[in-house]
Structures are given as C-alpha cells and as structure tokens.
Amino acid sequence: MRVGIDAGKGHHWAVAVDADGETLFSTKVINDEAQILTLIDSARERADEVRWAVDISGRASTLLLALLVAHGQSVVYVPGRTVNRMTGAYKGEGKTDAKDARVIADQARMRRDFAALDTPPELVTTLRVLTNYRADLIADRVRLINRMRDLLVGICPALERAFDYSAAKGPVVMLTEYQTPAALRRIGVKRLTTWLERRKVRGADAVAAKAVEAAQSQQIALPGEKRAAKLVCDLAHQLLALDERIKDNDREIRETFRTDDRSEIIESMPGMGPILGAEFVAIVGDLSGYKDAGRLASHAGLAPVPRDSGRRTGNYHRPKRYNRRLRWLFYMSAQSAMMRPGPSRDYYLKKRAEGLLHTQALLSLARRRVDVLWAMLRDKRLFTSAPPVTQTA
C-alpha cells in the first residue's frame, strides 16, 4: 500500500492506494501528534507493507516525518513540480488537497526513483535553522538599506550618493543623529568628527568631511524633509541593531559548525569559510544521498544536462531543477578563492584564456571545486595545493 500525503502547516491530507491504484481511504489529518499516530496505526492495520510519500520536506512536515521515521516507516519525497505536472494527467481540472495526495500516492506506487527521507542529525537540523534565519536577516537588512536610501534621496541626493551604507557602519551611525543638510552644516566637520569618534567610528574624519561636503552642495530644504529625517533616524537605529543580530547569529553558526568532524577539512579549502561551510553541511547532510561528486554537482546545477533531438546531439544546457542555495555557495567560494594566488586562480585564468566569460569561468571553477571537496571529504584529507601522491605497488 502507498500513502500519499499533501502536507500543510495546519493539516495534511492523506490518500492510500493499493497495488492496482485503487483508493483505500482519503482523510484529513490535523498536524498533531495524536492524529498522525492514529493515521499510522490505521495504515498499518490495512496492509503489511506501507510506503509513505510526501511533497514537502520542510518545517511543515517536520512532526509528520519525525513520527513516521520513529515508527520505522519508509518515506519518499515526491517533488511539488512532479505533482503539478502529473495532476493534468488525472481526471478533473479542479485542484484540491485530496487530489494532490492521490497523485502523490499514485506516483510513489508507479515509480521507484524518488529519494528516501529520514530525520537529519541534530547538528544538521540546527545548522539549517541558523542558516535559514541568517538568510532572513540578510534579506531584512537589504530591505532596510533600500528604504533608507530612498528616503535620503528625498532629503539630500548628494548625501545618499556619498556613502555605501551597506558596507560602512560609520555613515549609518551618523544618520542616527544627523540626516539633513542643514543639520550637517551646523555641526561642521570638526564637531562631527569628535561626535563620531566618541562612538568609535573608524575613519571618523573622512566620514565627517564627506558628509559635510555633500550637505554644502544643497542649500534648499526639500518638502517633507522633517518627517523623512525622523524615518531615516529610525531606520538607521534598526539597521545597527540588525547588524548586531547578524553578528550574534554568525558567531553561533561558526561555533555550531566547528563541532562537526568535517569542519576542519571544509575550512581548509580556500574560499570555504565557516558560514559557507555551515550552509554546505545544512544542505547536503552527511553526503549519503550522493553517489559521487557528479551527483553533488548535479544537485548544485553545475553539471549540464543534454537536450538532444533528432540529429541534434551534444546540445547541453543548464538544468532547471537544482538547489539554488548550493549553487550560490559554490559560486561564492569559487569567486573568493579566485581572487587569491593559487590553483583556483590559475584554473580561472586558464578558462578565461580559452575564451570563457567571467561568469562561465567561475562556474567552471566551481564545478572543479565540487570534485576536490568531494575527494577531500571522502579521503578525510585537508586541502593542499600539491596533488596527492599516488601509491604504486
């Protein structure tokens, strides 16, 4: 018997089918331990062998998956893309939870290539929570900076252009007190420098000089300036507080990641610091789901897939189904490693000499680094720029 579950935050919908695809039961299940256990018992009473399939492997199905694994049940993951595409092959145009669960169960009955699911180790789960939270904090930071810059344009365009508020803390500290050209002109360079130094701003004199110079280029007060200045002040305070939260989160990520036995190996590879290393472990787990480095590269979208038709052969393109976060971390690590002398930079320059564009050369380097990192973890070896010595008989 196959049981397909359309998972949700508040409730799931479960549909069971037999070997012939006939529906045995279809029921709504509240996302609650007691009701899920009742569902498991009911399914086990109907058949000796029960296989479960879900379409979500994230937070919404955490309790469900934990209970299924704890009771020795076999669970596979049916991607939502598969469910959406196959829904059109079933009777009716309507979309309901019951129909989706029916499709999930039927696909699990007919196919044997879906990935099995298991509860990840505590370390991996913790890193997933921390790295996902960090991604949310970074997104919030980008939104705050964009709002602040937009308001600054309505106060003093020259002041908005003067600094990169995403990279420098000093100008943000200044905006907690001085946001308008008139206020900056009144305080002057010398007093503003002293004010910034008391708040431990690096390069306070340069920040003050540039800010006052921008203020002196505009004598007129723009409409809505006072209210916009208060909002900029509030956003600047929020941004500074958010930076502290990000710093605390990064510290917790580093400390957690370095409790993993593989952390030293991963960090030894140029360009793979503790943050990217934690992202890597959070996504791939213990690597048991990857047969070889090629499978890992495919999951990262770094292995091209063929698109042949008729007499057209050898036509490769980037895959559409891959983990965007995994691809991003390999790309970022390759970009960081490429900037320093070493094998990564040599390989990048070689690809550029072959005529590849910057992005193409970086992706080629990222693909090569997948093989290297895989071999390092397989052999439990730290990175070295010299190739390993081959033992001969």
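Predicted model: local features only at pLDDT ≥ 70, side-chain atom pairs only at ≥ 80, totals over all residues.
Residues are numbered from 1 along each chain as its sequence is written, and side-chain values use heavy atoms, without hydrogens or water. Local features need pLDDT of at least 70 and side-chain atom pairs count only at pLDDT 80 or more, while totals for chains, interfaces and linings use all residues.

**Ring pairs**

Rings of Phe, Tyr and Trp (its six-membered ring) pair if their centres lie within 6.5 Å; planes under 30 degrees apart are stacked, over 60 edge-to-face, and the rest tilted. By this rule there are three aromatic pairs. Among them are two edge-to-face pairs:

| Pair | Centre to centre | Angle between planes |
|---|---|---|
| Y178 and W195 | 5.3 Å | 80 degrees |
| F280 and F330 | 6.0 Å | 80 degrees |

Let's start with Y178, in the loop between α7 (170-175) and α8 (181-198); its partner W195 lies in helix α8, so the pair ties together parts 17 residues apart in sequence. Helices here are DSSP runs (H or I, at least four residues), numbered from the N terminus. Y178 is buried at 15% relative accessible area, and W195 is buried at 11%. Buried means under 20% relative accessible area (1.4 Å probe, protein chains only).

Next come F280 in helix α12 (residues 274-284) and F330 in helix α14 (residues 324-338), so this pair ties together parts 50 residues apart in sequence. Both F280 and F330 are buried.

**Charges over rings**

A charge sits over a ring if NZ of Lys or CZ of Arg is within 6 Å of the ring centre and within 35 degrees of the ring normal. R324 lies over the face of Y322, 4.0 Å from the ring centre. Likewise, R325 has its charged end over the ring of W328, at 4.3 Å from the centre.

Note on methods: Helix = DSSP H or I, 4+ residues; strand = E, 2+ residues; numbered from the N terminus. Buried < 20%, exposed > 50% of the residue type's maximum accessible area, 1.4 Å probe, protein only.
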